[in-house]
Amino acid sequence: MAELTYLEAISDGLRTEMRRDDSVFCLGEDIGAFGGAFKVTDGFAEEFGADRVLDTPLAESAILGAATGAAIEGMRPVCEMQFADFIACGFDQLVNVAAKLHYRQGVAVPLVVRLPSGGGFSGGPFHSQNPEAWFLQSPGLKVVTPATAEDAKGLLASAIRDPNPVCFLEHKGLYRHVRGEVPDGEHTVPIGQARVAREGSEMTVIAYGSSVHLALEAAEQLGEEVEVVDLRSLCPLDRDAILASVRKTGKVLIAHEATRTCGAGAEVAALIGEEAFEDLDAPIRRLSAPDVPIPFSPPLEQAVLPQLDDIKEACRELLAY
Amino acid sequence: MARPAGDPAVATSCLVEAIPKPDENRRRIEMLSDPSALRGSTVSVDRALLTHDDRARLFRYMLMMRVAEERGLALYKQGKVPGSFYDGRGQEAISVGAAFALGPRDRLCILHRDLGAHFVRGVTPDRYLANYMGRAGAVTGGKDGNVHFGDRQLGCVGMVSMLPDMAQVANGMALAFKMRREPRVAMTFFGEGSTANGQWHEAMNFAGIHRLPIVFILENNQFAYSTPNELEFAVDPVQRAAGYGFPGVNDDGNDVEAIFEAAHDAVEHARDGAGPTLIECQTMRMHGHGAHDDMGYVPDGMLEEWERRDPIDRYAARLVAELGFAEEEVEEIREQVRSFVADCAEKALASPMPDPTAATAGVFAEEWEPLGDGEAPWSRWEE
């Protein structure tokens, strides 16, 4: 075990898989000699050569399309979007080609798209988005959203080994602020399994990505019996883990940084409403960004993104219900 | 004419001027009818690449495409085909001639007017017709329709409707071959309409940068649905190849041997590590975009002009006049193909509709499996 930042854990996971399997290669903008905009692939070109750490032109469709073709032919491409927002420029290849090929033609497309997502740094409307819900409406894509360093490494390895296209959402706010013990060498975390990040009996906060840390902090500060469920994967969704926690506590707050309407939280709320209505002791609450683009100026951005006080307040209200 | 920027009135007038008048279309057809403007059988030297049997095969595949599509259209008119019907009438030489140059381990992304390439690789007409009818025996088992298929067991990846997405996917297959130093080639097709989309630029640029082992077959069938060349591009897209750093070849899309030769050269060029080639094939879409399209936008006389250059009739005549075929031999092939397609149609009609429970199966793969190899009927590949 070594203590790594979330960003170091992603690098470690990617490096470990590239050493394990020659068919794994990376492609993206500025990932070679420069090491990537966030330095996830720093030093990779030296170790693996320029062919396996492929600097691409500024062309997201070309990245996704080339990855799809290479994956069909037995390679294991890991695409880096410089920011998750730019997947919009390659969206057609992802949702119309890669996502549907197995259903339509029985052709497996084992590729990973790394998506540095999330706000909090005045990145503005085009460098701060949390686009996970875009993918959830596209059958054929798996979607993972690690919150911890250990999961970042383990879920990336599982995504690379999965025979399907996997969207790997790595929250930029966690890159250098979250650190933790990470197993050395090969390490996988199964896709589709949530984890209970904190045990509690009075209420449950269901969260993923950066919101897991907000929820844990809120629970700690409130000093109450708040359970925190870290979804880890949004597709497949761990329905059993969600329902088990709801049945245990009877009160649920769903928290995410992405915008509200048809966000992942809406699906979780609908699941609970359909399957665990009679176990609820209070209305389901959702905490999310409102349905607006992420603004640039710090006070505007803070007004939009869920803050620690917001989640504490929502928990207090539910506990008092 | 220079196009001043920023003046909407001027821009509109330029656009209006760009719409072809019937006499301008006439001039263009005459230009295309001039064999010296194109590579073609009348100007190329026979390099003895093709045996007598190869030529019989080329003729058979083109005819099989024609007859199978005619049968498919009849099934559509009989109400047995859900959706619409799309064919490549008049373009048979392109997909047959190009795919014929490939080896078994090469890979293809085949488009919707290229049925002949599927037949060259080994798909039989029953599976094609079953695909149109949404039957269980279809290549996609009813998951996708019409010609949106590729038989993975024959080294093909099925197209999507968004164009030219598959050019990028074919690039990726070529990239894998190059990374693994395998002497293999990817080939893909697209219409001239696709060259207006930004993904076309991304695909050509990426292929050029990495000198990928890939062959791009551009079928200029004169219309993107109803939009004529004049409103699709200011410069013939084959000329853009130079800007991406690889050769562009203009070819007679209605001459199967000319297409085969150009494809052969491009495939060998790619296999030798010399990079991509763009081959533009001048042809005409003799039917509407789909069976629902009455083609009212086609100028008078244009279809008749191209009918005289029908790739199948033209090749049949040449087989007899120049290539040592007896009339009876050609007629025998015609009979064989008609009979084979008729049998295949019966087989397709006998295939059941899929079980509805299949609708929710197969979204995710359990494991990756390699594509199979396709048939490679060119005599060069016979061992």
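A residue counts as buried when its relative accessible area is under 20%. Keep that cut-off in mind for this predicted model.

Start with helix H8 of chain A, residues 210-222. Its buried residues are Ser210(A), Ser211(A), Val212(A), Ala215(A), Ala218(A), Ala219(A) and Leu222(A). H8(A) has 13 residues and reaches 19 Å from its first C-alpha to its last. That is close to the 18 Å expected at 1.5 Å a residue. Just after the helix comes Gly223(A), with a positive phi of about 65°.

Now move to helix H3 of chain A, residues 60-72. Its 13 residues should span 18 Å at 1.5 Å a residue, and its end C-alpha atoms are 18 Å apart, so expectation and model agree. Burial is complete here: 13 of the 13 residues of H3(A) are buried, so the helix is largely enclosed by the rest of the structure. Just after H3(A), Gly74(A) takes a positive phi of about 100°.

H3(A) has a partner in helix H4 of chain A, residues 91-98. The two helices pack at an angle of about 30°, and their axes are 7 Å apart. That angle makes H3(A) roughly parallel to H4(A), because angles under 35 degrees count as roughly parallel. Which residues of H3(A) and H4(A) meet? From H3(A) come Ser61(A), Leu64(A), Gly65(A) and Thr68(A). From H4(A) come Gln93(A), Leu94(A), Val97(A) and Ala98(A). This contact divides into four nonpolar and four polar residues, with no charged ones.

Next, follow strand E2 of chain A, where Cys26(A) lies. Is Cys26(A) buried or exposed? Its relative accessible area is 2%, so Cys26(A) is buried. Leave aside its neighbours within four places in sequence, and Cys26(A) is in contact with Leu14(A), Met18(A), Ile31(A), Arg52(A), Val53(A), Leu54(A) and Val78(A). Pro183(A) is 157 residues from Cys26(A) in sequence. In space the two are 23 Å apart, C-alpha to C-alpha.

The loop between strand E2 (24-28) and helix H2 (44-48) of chain A holds Asp30(A). This residue has a positive phi of about 65°, although it is not a glycine. Asp30(A) counts as partly exposed, at 38% relative accessibility.

Further along chain A, look for the peptide bond between Cys235(A) and Pro236(A). This bond is cis, with omega at about -5°. Pro236(A) sits in the loop between strand E12 (233-235) and H9 of chain A. Helix H9 itself covers residues 239-249 and includes Ser245(A). Ser245(A) is buried, with a relative accessible area of 3%. Not counting residues up to four places away in sequence, Ser245(A) touches Thr204(A), Glu227(A), Val229(A) and Gly250(A).

Turn to chain B. Its secondary structure comes to 13 helices and seven strands. Of its 383 residues, 57% are buried. Take the contacts in chain B with a separation of 6 or more: residues 24 or more positions apart account for 76% of them.

Chain B has a cis peptide bond too, from Leu163(B) to Pro164(B), with omega near 0°. Pro164(B) lies in the loop between helix H6 (125-132) and helix H7 (165-179) of chain B. Arg181(B) has a positive phi of about 55° although it is not a glycine. With a relative accessible area of 69%, Arg181(B) is exposed.

Finish where the chains come together. How many residues of chain B are in contact with chain A? There are 41, and they are in contact with 41 residues of chain A. Between them the chains bury about 3400 Å², and 62% of that is on carbon and sulfur atoms. Three residues of chain B stand out: Met179(B), Phe364(B) and Trp368(B). They supply 21% of the area that chain B buries against chain A, more than any other three residues.

Key:
Residues are numbered from 1 along each chain as its sequence is written. Chains are lettered from A and ligands numbered from 1 in the order in which they are written. This is a predicted model: local features need pLDDT of at least 70, side-chain atom pairs count only at pLDDT 80 or more; totals for chains, interfaces and linings use all residues. Side-chain values use heavy atoms; hydrogens and water are left out. Axes are lines fitted to C-alpha atoms, for helices over the stretch in contact, and angles run from 0 to 180 degrees between N-to-C directions. Helices (H or I, at least four residues) and strands (E, at least two) are DSSP runs, numbered from the N terminus. Angles under 35 degrees count as roughly parallel, over 145 as roughly antiparallel, 65 to 115 as roughly perpendicular and the rest as oblique. Contact means heavy atoms within 4.5 Å. Ala, Val, Leu, Ile, Met, Phe, Trp, Tyr, Cys and Pro count as nonpolar, Asp, Glu, Lys and Arg as charged, and the others, Gly among them, as polar. The expected span of a helix is 1.5 Å times one less than its number of residues. Buried means under 20% relative accessible area, exposed over 50%, partly exposed in between (1.4 Å probe, protein chains only). Buried area is the accessible area (1.4 Å probe) that two parts lose on being put together, summed over both.
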